[in-house]
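Thanks for making time this morning.

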Amino acid sequence: MSVSDATTARAVRADAWCPRCIQAVAAHEETCTGCDLGFLRDGGILDVIGHRQRESRAAEVEDFYTDSPFPGYAPGDTAATLLDRSRRSSFLAALDAAVPAGGRFLSVGCGTAQVPAFLALAGPHRRGTGVDGCRASLRVADAFASRVGIGNLQLVRGDLFDLPIEPRSYDVVSCRGVVHHTPEPWRAIDCVARCVAPGGVLLLGYYETIGRAWHGVRQVIARLRGKPARPIWALDSVLRRRDLDAEKKRIWIEDQYRHPLERWLPTPRTLKHLDGLGFEWVRSVPPSPGGTLFEATTDPGAFGLWRRRVGWMIAGINDPDAGLVFVVVRRRQGALGNKLGNKEST
Ligand SMILES: C[S@@+](CC[C@H](N)C(=O)[O-])C[C@H]1O[C@@H](n2cnc3c(N)ncnc32)[C@H](O)[C@@H]1O
Ligand SMILES: [Zn+2]
């Protein structure tokens, strides 16, 4: 679905809810009566940023995704094709199995909201919130949601560094491919982690320093070939695929080779940071989770983690995620990590 298509199918939703206090907000209301959060209405999107000028790097990243909302929908995408495609991913199938039927989930930096739209469609009694800073991506998400009739996903335009979310309020928080596109990834992790309830789960997907090494080589070659960067299609497993349309490939090239702000995060430091925030290890993905995404696995330890990272690097030659890995961590029930700036215990 292109950005211009996205403007056609959108309507103000009658059953919107406030992302901060979850209270229903009446159609055309622009302040939540429960918590005073102000927003503009934009179809089904509650826009908390509104016309405010954004910080320069955030504005640059929003401009980038305005031209190439990520990830792209296929032109004929329907509820059935999104469900089918998502269920073919072992990670998303496991995520669907792990999120309770009536549970609440939050996706930070949801982009065009394919993951939360999938969870919402697969679990009609769930309630999801998708927050992103990019108006154009959210409009694509909103057009898809209204076209296929998703009523249990609230889209919100908000900044990751100033999330309109009550601290410790969501049992499942996912943030895929976002913190590494911010100028301060560690502070970004703090902001996302703050939303997770005690005992809740955070799924953090990021470009891993060693896992992305092969893609780094492809990026260097593509930059040597010209400006803007020109990838060699034969070296990229996504560009080689015959089942992807040209628009999806264009968006992939923009995102993977021409992004204005990209950082890579080493997993040992990421885990240490999360530990300091009061989170404990559940697992990484890869390896493929099977059916038990939120069940604790044995901590691989320093050596095991190195082996895993080298495995990610080797797999990176044909990795459709180009070195993006997930760590899944659970927030401890006891005293909270002091870096969250929230010292009371639960
Ligand atoms: C690569 S896309 C990932 C989209 C989605 N999470 C996925 O994996 O399908 C990165 C998204 O992060 C969003 N983003 C980046 N910086 C942000 C910020 N400071 N606040 C809110 N969203 C941000 C972008 O607008 C973009 O939609
Ligand atoms: Zn509210």
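This is a predicted model: local features need pLDDT of at least 70, side-chain atom pairs count only at pLDDT 80 or more; totals for chains, interfaces and linings use all residues.

Asp 36 has 10 other C-beta atoms within 10 Å, and because 12 or fewer is the criterion, it is exposed. Its phi is near 70°, a positive value in a residue other than glycine. Arg 168, in the loop between β5 (153-157) and β6, likewise has a positive phi, near 60°, but with 19 other C-beta atoms within 10 Å it is partly exposed. I point these out because most residues other than glycine have a negative phi, and most peptide bonds are trans.

One joins Phe 70 and Pro 71, with omega about -10°, and Pro 71 is placed in the loop between α2 and α3 (79-87). Another joins Val 285 and Pro 286, with omega about 0°, and Pro 286 belongs to the loop between β8 (279-285) and α12 (301-315).

Now to the strands, starting with β6, residues 170-176. Why is β6 described as largely enclosed by the rest of the structure? Because five of its seven residues are buried. On one hand β6 is joined by three bridges to strand β3 (residues 104-108), in parallel, and there Leu 106 stands opposite Val 173. On the other hand six bridges join β6 to strand β7 (residues 196-207), again in parallel, with Ser 174 opposite Leu 203. Between β6 and β7 the chain passes through helix α7 (residues 185-193), and this β-α-β crossover is right-handed.

Strand β3 is itself largely enclosed by the rest of the structure, since four of its five residues are buried. It pairs in the parallel sense with strand β4 (residues 127-132) over five bridges, and Val 108 faces Val 131 in that pairing. Here the chain crosses from β3 through α5 to β4, and this β-α-β crossover is right-handed.

Turning to the ligand, 23 residues surround ligand 1, and the closest are Gly 109, Gly 111, Gly 133, Cys 134 and Leu 160. The elements that contribute two or more residues to this shell are α2 (56-67) and α5 (114-122), and the largest share, three residues, comes from α2.

Finally, the domains. The chain is divided into domain 1 (3-213 + 260-340) and domain 2 (214-257), and their centres, taken over C-alpha atoms, are separated by 24 Å. Contact between them involves 15 residues of domain 1 and twelve residues of domain 2, and on the domain 1 side these divide into nine nonpolar, five polar and one charged. Ala 246 and Ala 74 are 172 residues apart in sequence, yet 9.9 Å apart in space, C-alpha to C-alpha.

How values were computed. Residues are numbered from 1 along each chain as its sequence is written. Chains are lettered from A and ligands numbered from 1 in the order in which they are written. A residue is near a molecule or strand if its C-beta atom, placed from the backbone, lies within 6 Å of it. Domain bounds come from an automatic or database domain assignment. Two residues are in contact if their C-beta atoms, placed from the backbone, lie within 7 Å. Ala, Val, Leu, Ile, Met, Phe, Trp, Tyr, Cys and Pro count as nonpolar, Asp, Glu, Lys and Arg as charged, and the others, Gly among them, as polar. A residue is buried if 20 or more other C-beta atoms lie within 10 Å of its own, exposed if 12 or fewer, and partly exposed in between; C-beta atoms are placed from the backbone. Two strands pair if DSSP finds at least two bridges between them. A crossover is right-handed if, with the strands pointing away from the viewer, the path from the first strand over the helix to the second runs clockwise.
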